[in-house]
Amino acid sequence: MNAFEELSPDALRAGRADALDDAVATALAAHPLDGVETEYPHYQGTVEGPDAPPRPSEAHPVFYGCFDWHSAVHSHWALVRALRLVPEHPNETEIAAGVDERLTPENVAREVDYLDENPGFEEPYGWSWLLRLAAELDLWDDPRADAWRETLRPLEDRVRRGTRESFLGVDRPQRVGTHGNTAFALAGVLDYARVVGDAALEREAEAAARRLYADDTAAVVGAEPVGWDFLSPALVEADLMRRVLDPDPFATWLGGFLPDLSAPPHAALLAPVDVEPDEGDGAAIHLIGLNVSRAWCLAGLSDALAERTGPVAARLREPLDAAARRHAEAGAADVLTDDYAGSHWLSSFALYLLTRNEAGIAPGAA
């Protein structure tokens with residue numbers, strides 16, 4: 001059993017960095033450190049012509065590892081966030097040296113060129129993680145973070161521009177439990193805008209969320225989860241709207257969105273998904289991530305109702321809180337798997353859950 005698995009459900013649910021002692025910090029950094037430099041196996045996600053495709057490190061000299069681009073991006077986010085939150089991190093020297101080596105102006109320019117040539121690449125999931133990485137660098141008061149942020153800025157600017165030009169104008173949301181989920185990406189865009197003080201982008205992201213989701217009632221959860229889901233479409237939508245609506249309007253919205261957690265179908269959101277992660281079963285490993293992401297959504301929703309005294313808060317707060325703890329405990333049991341199908345990305349989800357209240361995630365409106 002590793003140090004992360006030994007954390008209590010209370011510590012996991014609290015979302016505070018004081019749970020990140022040296023043993024936990026080392027456990028959470030191990031797979032991202034290995035993955036960001038693991039070029040193969042790699043999923044490119046584009047249609048190739050007759051010529052042999054370039055090596056991942058040629059097309060993506062910064063984010064070539066971790067099986068795919070978005071996982072490489074959020075693994076960098078996890079490593080940078082760990083350095084920010086853990087003074088004298090046990091792996092500080094190794095993490096910093098790796099970021100210095102990959103994050104150069106020349107390498108970032110090639111990443112920008114690739115997006116210019118493949119404008120829909122990694123939209124919206126990878127884009128939202130890239131913005132989270134930039135926001136994390138903005139939060140960290142350290143000369144290294146300032147230098148890395150300046151180097152990354154051309155790619156940050158390219159993704160921010162693409163987000164405004166294409167993603168925020170979508171006609172209808174993708175309500176899926178995988179990378180195309182609109183609500184999860186919008187939450188990342190909104191968090192970034194608030195951290196870096198981009199008021200225009202914040203207004204546009206809020207407007208998109210209201211346009212797409214404000215009128216939703218009675219979440220459709222009977223089909224959750226489906227196949228390779230690692231997100232709950234219903235819960236990530238609610239997790240987005242708690243960022244957008246003021247507390248009382250949000251409580252009203254949530255009461256209509258989750259009308260009865262004591263009976264099917266909505267009661268299914270309270271129980272962790274059973275997972276039997278046989279080695280090589282990518283679908284089962286995605287369900288590990290689903291339990292972890294459900295945990296942070298449930299905890300956030302419970303927190304959003306903490307100061308409310310009306311009937312919705314009385315009905316939902318305690319069931320949501322208890323479910324957050326159950327999901328956190330279930331996810332922690334398997335999240336640091338050594339199977340590369342999970343190890344290339346799950347540590348980022350674990351860190352998101354464990355540190356969700358340490359700035360950068362669901363910050364309040366400016």
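Arg13 counts as buried in this predicted model, because its relative accessibility is 9%, and a residue is called buried when that value is under 20%. Arg13 is found in helix 1, which covers residues 9–14, and its side chain makes a polar contact with the side chain of Asp303 at 2.8 Å. If its neighbours within four places in sequence are left aside, Arg13 is in contact with Ala299, Ser302, Asp303, Asp321, Ala324, Arg325 and Arg356. Several of these names return when charged side chains are considered, for Asp10, Arg13, Asp303, Asp321, Arg325 and Arg356 are linked in a network of salt bridges.

The structure holds 30 salt bridges, and a few of them can be followed one by one. In one of them the side chains of Arg81 and Glu136 meet, with 2.8 Å from N to O. Arg81 belongs to helix 4 (residues 69–85) and Glu136 to helix 7 (residues 125–139), so this pair ties together parts that are 55 residues apart in sequence. Both Arg81 and Glu136 are buried.

Which residues form salt bridges with Arg160? One partner is Asp157, whose side chain meets that of Arg160 at 2.8 Å, N to O. These two residues both lie in helix 8 (residues 143–165), where they are three residues apart, about one turn of the helix. The other partner is Asp198, and here the closest N and O atoms are 3.8 Å apart. This second pair links distant parts of the chain, since Asp198 lies in the loop between helix 9 (182–196) and helix 10 (199–213), whereas Arg160 is in helix 8, 38 residues apart. Asp198 and Arg160 are both buried, while Asp157 counts as partly exposed because its relative accessibility is 31%, a value between the limits of 20% and 50%.

The packing of helices can be followed next. Two packed helices are described by the angle between their axes and by the distance between those axes. For helix 2 and helix 16, the axes come within 9 Å and cross at roughly 145°. On the side of helix 2, the residues that take part are Val24, Leu28, His31 and Pro32, and they meet Ser347, Ala350, Leu351 and Leu354 in helix 16. The residues of this contact between helix 2 and helix 16 divide into six nonpolar, two polar and no charged.

A pair of aromatic rings is described by the distance of the centres and the angle of the planes. The structure holds 19 aromatic pairs. In the pair of Trp140 and Trp148, the ring centres are 6.2 Å apart and the planes stand at 50°, so the pair is tilted. Trp140 is buried, with a relative accessible area of 8%, and Trp148 is buried as well, with a relative accessible area of 3%. Trp253 and Phe257, by contrast, form an aromatic pair that is stacked, with 4.5 Å from centre to centre and 20° between the planes. Trp253 and Phe257 are four residues apart in helix 12 (residues 247–257), which means that about one helical turn separates them. Trp253 counts as buried at 8% relative accessibility, and Phe257 counts as buried at 2%. Beyond these pairs, ring pairs link Trp77, Tyr125, Trp129, Phe184, Phe230, Trp296, Trp345, Phe349 and Tyr352 into a cluster.

Ala218 counts as partly exposed at 38% relative accessibility, and Ala359 counts as partly exposed at 36%.

Notes
Residues numbered from 1 in each chain as written. Predicted model: local features only at pLDDT ≥ 70, side-chain atom pairs only at ≥ 80, totals over all residues. Heavy atoms only, no water. Salt bridge = Lys/Arg side-chain N within 4 Å of Asp/Glu carboxyl O. Buried < 20%, exposed > 50% of the residue type's maximum accessible area, 1.4 Å probe, protein only. Axes fitted to C-alpha atoms, helices over the stretch in contact; angles between N-to-C directions. Contact = heavy atoms within 4.5 Å. Nonpolar A, V, L, I, M, F, W, Y, C, P; charged D, E, K, R; others polar. Polar contact = N/O pair within 3.5 Å; in protein donor to acceptor, adjacent residues only side chain to side chain. Phe/Tyr/Trp six-rings, centres within 6.5 Å; stacked < 30°, edge-to-face > 60°.
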